[in-house]
Amino acid sequence: MKKITLKKLKLLNFKGVRNLEVDFSSDESFIYGANGSGKTTVFDSFVFLLFGKDSTDRKSFEVQTLDKNYNIIPKIEAEVSAVLSVDGERVELTRIMRQKWVKKRGALDSEFTGNETVYEWNGVPMNAGEFTSKINNIIDEKIFKMITNPAAFNSLKWQDQRDVLIDMSGNITDEDVAKGNAEFENLLKNLIGKSFNERKSEVKANILKSKKELGTIPTRIDEVERSKPVGLDFDKLKADLEVKTKAIEAVNDQVSDKLKAQQSDIDAQKEIQNEIYAIENEIQSEKHQLQQKASEAYNEAQSKPREIQRKIDAIDGDIKSNESAISINNSKTSSYGNQIGEISKTIANLRKEWEVENAKEFVMDDSDCACPTCKREFEASDVEEKKKDLQEHFASNKNAKLKSITERGQSLSGQKMTLENNVISLTTELKELQEANKLNWEKRAELSEELKAASNTKTQMEIYTTLLSEKEQELKPKYQAIEDKKEALANRPKVDTSELRSQLEKLNAERDAIKNELQKESQIETSNKRIEQLSKEETTLAQSIADLEKELFTMEAFEKEKSTRIEQSVNNRFRIVNFKLFDTQINGGETPTCKALINGVPFSDANTASKINAGIDIINTLCQHYQVNAPVFIDNRESVVELIPTESQIINLIVSKPDKVLRVENRVEQLETV
């Protein structure tokens, strides 16, 4: 069994405790102090060190020390450290909650940005995940809470308490309970893929459903009985029905004989109707043909105006095209005239420029006969040579300029001649276009007159109406012949069957009344069969309910046996505590629960000393089950005169009014209430 012992615990600025160091040098220690002096804080600090919570399992609680105004004192660290012995191995743990103060760029003072937690294991820093993992390797948090506080287990929800106790009982299986009991064994065998509770819920639901259905059957039988018609003399009714049927047949024969005499008139009416159909079909056929003829005549009459209109449209297109060309030619002619005028002006200016340049003669400057640097005059031979060079240069420049002016004048003269030729060509073409448009307008006027004459034709509907009128006049004698036949037929005497039909209607009504009465025989038979069927269902449901209730009784007996064994298995593990794991209901069934009893007294009604010893009893059993011991903190220890034996380390928290500051003793002593 793993044994965990607390050897030393140190608190710095933790929940108002500025500095406290406690040595636990024996298996039982006593911490004395007045109320509010920090006894519970010692227990809180140990739980905080291991799991980051207080002794009541709160994650969010005031760890850091407060000033007199209940504000957290800034820039101090809340630290808890401890030395443990885990199966004789020394383990030193530290957890520090540190405030983070950051001075932002440009700011004069630092700002609080939150808290951070620092962890150490045997002096080695580590992160939260590593620290938690190593704690879990020593002891599970859930187990730690149950085996370090006598009140912890009974503060759990009863469902969680029950789960722990059932797990502790050794998990008694259904097969273990059923072994040796034929009814129990058969019950489990018939579950067929369902759990025990699923089958029990199903049986209860089926019983409820079947009882509800069974309760409705007498009412349903009574409803069928009350809706069943009263019995009649059905043999007499059948004989009366046969008599009425024969009377109806006799009257129908009389009506048939009279109607045969009227058949010739009916045939004549059919013949007249057939003639009418024939003429109507002929008219319909003729209408279709007349519509085609009218359409063809109209299309033929309309083809000539369309042809003339096409010619007019073509001439309009030519006129529009010619007018566009005339406009373009006029524009080009005007443009060419402007260019010719500009070129003529330029040629005249070049001619004057050529005359000016050609009149220029060489004149030598006196400055050309002296050195440009020292101003000394050249020798006579040098002057002649210099003059000759200047004359040649002057003549060369003059000739080049005259040649350039001449070439420019010749080029412009060529351009002018081309433009003049273009003007002549455009003028000729313009006259031809104007003449063509004159002829087009004359032709268009002629065609417009032709179009006007050709457009005075009848519409297609007018043509069709004329043709249809002619056809109707042609068929008029046939219609008259039919009307004569109708008149002759109408003058014949009519066959009167009204009296026979009135008699027939009365006989049919009497026969239908007899049939309605005879239907009651089948209704009575159907009702009797339904009553018989419901009676069988009633017997079947009653038997089914009996079988299901027997199965449910066996299930409840099985559950009671199992609950008894589980309670015995659990309670055999405790010294002074018993647990009630099942409540018996009025109907004999049992529901799960978990209630701790101390010598038959409910845990909640026991005194403080009994509760603490009961808690130690539970801790002893849990330690044995989980194979681990840990320090047990006992609050209000002064209430207990004698504590039951335990293998766990005990740390007693005792109220002592004189001790305003915590006092720790590591010794075994007889406690007295202070």
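Modeller: A term to start with: two strands pair if DSSP finds at least two bridges between them. Helices (H or I, at least four residues) and strands (E, at least two) are DSSP runs, numbered from the N terminus. This is a predicted model, where local features need pLDDT of at least 70, side-chain atom pairs count only at pLDDT 80 or more, and totals for chains, interfaces and linings use all residues. Residues are numbered from 1 along each chain as its sequence is written, and side-chain values use heavy atoms, with hydrogens and water left out.

Biologist: Thanks! What is the strand order in the open sheet of 3 strands?
Modeller: The order is E8-E9-E10, and the pairing is antiparallel. Strands E8 (577–584) and E10 (601–602) stand at the edges with a single partner strand each, so one side of each has no neighbour in the sheet.

Biologist: And how many bridges join E9 to E10?
Modeller: Strand E9 (residues 590–598) is joined to E10 by 2 bridges. Ile-598 has Val-601 in E10 as its bridge partner.

Biologist: Is strand E13 buried or exposed?
Modeller: Buried, meaning under 20% relative accessible area; exposed is over 50%, and partly exposed is in between (1.4 Å probe, protein chains only). In E13 (residues 650–655), 6 of the 6 residues are buried, so the strand is largely enclosed by the rest of the structure. Ile-650, Asn-652 and Ile-654 are buried on one side, and Ile-651, Leu-653 and Val-655 on the other.

Biologist: Which strands pair with E13?
Modeller: Strand E3 (residues 28–33) pairs with E13 in the parallel sense over 6 bridges, with Ile-31 opposite Leu-653. Strand E12 (residues 632–635) also pairs with E13 in the parallel sense, over 4 bridges, and there Ile-634 stands opposite Asn-652.

Biologist: Switching to charges: how many salt bridges does a search of the whole structure find?
Modeller: The search finds 30. A salt bridge here is a side-chain nitrogen of Lys or Arg within 4 Å of a carboxyl oxygen of Asp or Glu.

Biologist: Could you show me a few? What does Glu-202 form a salt bridge with?
Modeller: Glu-202 pairs with Arg-199, and their closest N and O atoms are 2.5 Å apart. Being 3 residues apart in helix H8, they are separated by about one helical turn. Glu-202 is partly exposed at 26% relative accessibility, whereas Arg-199 counts as buried at 15%.

Biologist: And what about Glu-549 and Lys-211, how far apart are their closest N and O atoms?
Modeller: They are 2.9 Å apart in that salt bridge. Glu-549 lies in helix H13 (residues 498–571) and Lys-211 in helix H8, so the pair ties together parts that are 338 residues apart in sequence. There is also a network of salt bridges linking Lys-53, Asp-57, Glu-141 and Lys-145.

Biologist: Last topic, loops! Where does Ile-192 lie?
Modeller: Ile-192 lies in the loop between helix H7 (182–189) and helix H8 (196–227). Its phi is positive, about 50°, although it is not a glycine, and Ile-192 counts as exposed at 70% relative accessibility.

Biologist: And which loop holds Asn-122?
Modeller: The one between strand E6 (111–121) and strand E7 (124–126). Asn-122 has a positive phi near 55° and is partly exposed, with a relative accessible area of 39%.
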